[in-house]
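Reader: Could you walk me through this model, please? I would like to begin with how the chains are arranged and then look at the places where they meet.

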Amino acid sequence: MRRARRRNNDDEADVDMTPMLDIVFIMLIFFIVTAVFLDETGLDMTQPPPPPEDTPPPPNSPPAITVYVDENNQCSVDSVRSTCTGVMARIERQLADKPGASIILRFHPDAKNSVLVLLKDGVDGRGMASKIEVIEGAA
Amino acid sequence: MARRSRTVVADEGTELNMTPMLDVVFILLIFFIVTSVFVKTPGLEPLKPEALTDAPWNPTILVAIDSSSNVWIDKRPYKLEEIRPILTALRDETPKANAIIQADRDSDVGTVMGVQELFQDLGVPTLVGTE
């Protein structure tokens with residue numbers, strides 16, 4: 001008799017686990033879905049560490065095209081003034097004279113980030129090697 | 001009589017032992033809870049410049065730079081000189097973290113590259129955020 005009763009209790013399953021399962025499934029799906037929510041895009045501006053002061057420049061360093069952006073966001077390519085949007089065209093022209101040159105992007109620290117991204121995006125899009133330098137500002 | 005025995009059979013059929021499934025579900029849940037990382041948002045979402053060659057990135061350390069070149073970390077503004085200990089602490093919390101610098105279009109290049117150099121110094125891979 002007792003045995004039968006026990007079995008009955010087991011059969012009835014005193015604890016109904018359905019709500020707990022519901023909660024657990026919801027939490028699981030929440031975590032799975034939110035695991036992929038952060039979606040940023042960006043440009044890589046990692047620079048090689050500066051060489052120590054006293055190493056002489058390597059004897060056959062490749063030619064370089066220098067783009068300078070001053071504190072008023074005026075751009076110049078190899079000391080020739082240009083509009084910032086026209087810099088890439090100037091660089092292409094300079095590359096005709098200095099093939100395989102790497103680009104040096106020099107900035108005044110008060111130049112705007114939009115110009116930095118514009119130029120870096122431009123040279124990266126054309127697969128040119130580049131280096132970013134920030135000159136010491138008045139600050 | 002026949003029906004009764006049929007329903008009895010049906011009842012025994014639904015006596016599904018759900019313990020193994022619960023085990024698996026709990027393990028999955030605990031796995032996701034443990035591997036979830038809490039991302040501290042900077043506090044403001046600046047208007048970043050657009051770029052064509054930007055790469056997708058899932059950072060865990062987020063730094064924002066507004067148009068006045070204040071550096072925002074975890075909803076508080078700082079000056080460039082003050083952030084080194086904060087970023088070192090953040091890096092030590094999650095050593096293998098990636099970072100992103102969400103800089104406004106009008107923020108200073110000096111500040112952006114300053115933060116970039118700092119992250120490089122700390123060994124944290126970082127990108128400059130774009131739209």
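This is a predicted model: local features need pLDDT of at least 70, side-chain atom pairs count only at pLDDT 80 or more; totals for chains, interfaces and linings use all residues.

Reader: Understood. Into which domains is chain A divided?

Author: Chain A has domain 1, covering residues 7–34, and domain 2, covering residues 64–134. Taken over C-alpha atoms, the centres of domain 1 of chain A and domain 2 of chain A are separated by 61 Å.

Reader: Turning to chain B, how many helices and strands does the secondary structure come to?

Author: Chain B contains 4 helices and 6 strands. Along the sequence, the pattern of chain B reads α-α-β-β-β-β-α-β-α-β.

Reader: And what share of chain B counts as buried?

Author: Of its 131 residues, 33% count as buried. As for contacts in chain B between residues at least 6 apart in sequence, 70% of them join residues at least 24 apart.

Reader: What about helix H2 of chain B: how many of its residues are buried?

Author: The count is 0 among the 17 residues of H2(B), so this helix is hardly covered, a residue being buried if 20 or more other C-beta atoms lie within 10 Å of its own.

Reader: What span should that helix have, and how far apart are its ends?

Author: Helix H2 of chain B runs over residues 19–35, and at 1.5 Å a residue its 17 residues should span 24 Å. The end C-alpha atoms of H2(B) are 24 Å apart, which agrees.

Reader: Which strand of chain A is joined to S1(B), and how do the two run?

Author: Strand S1 of chain A, residues 40–43, is joined to S1(B) by 3 bridges, and the two run antiparallel. A:Thr41 stands opposite B:Pro56, while A:Glu40 has B:Trp57 as its bridge partner.

Reader: And how many bridges join S1(A) to S6(B)?

Author: There are 3 bridges between S1(A) and S6(B), which run antiparallel. In S6(B), B:Thr130 is the bridge partner of A:Thr41.

Key
Residues are numbered from 1 along each chain as its sequence is written. Chains are lettered from A and ligands numbered from 1 in the order in which they are written. Domain bounds come from an automatic or database domain assignment. The expected span of a helix is 1.5 Å times one less than its number of residues. A residue is buried if 20 or more other C-beta atoms lie within 10 Å of its own, exposed if 12 or fewer, and partly exposed in between; C-beta atoms are placed from the backbone. Two strands pair if DSSP finds at least two bridges between them. Two residues are in contact if their C-beta atoms, placed from the backbone, lie within 7 Å.
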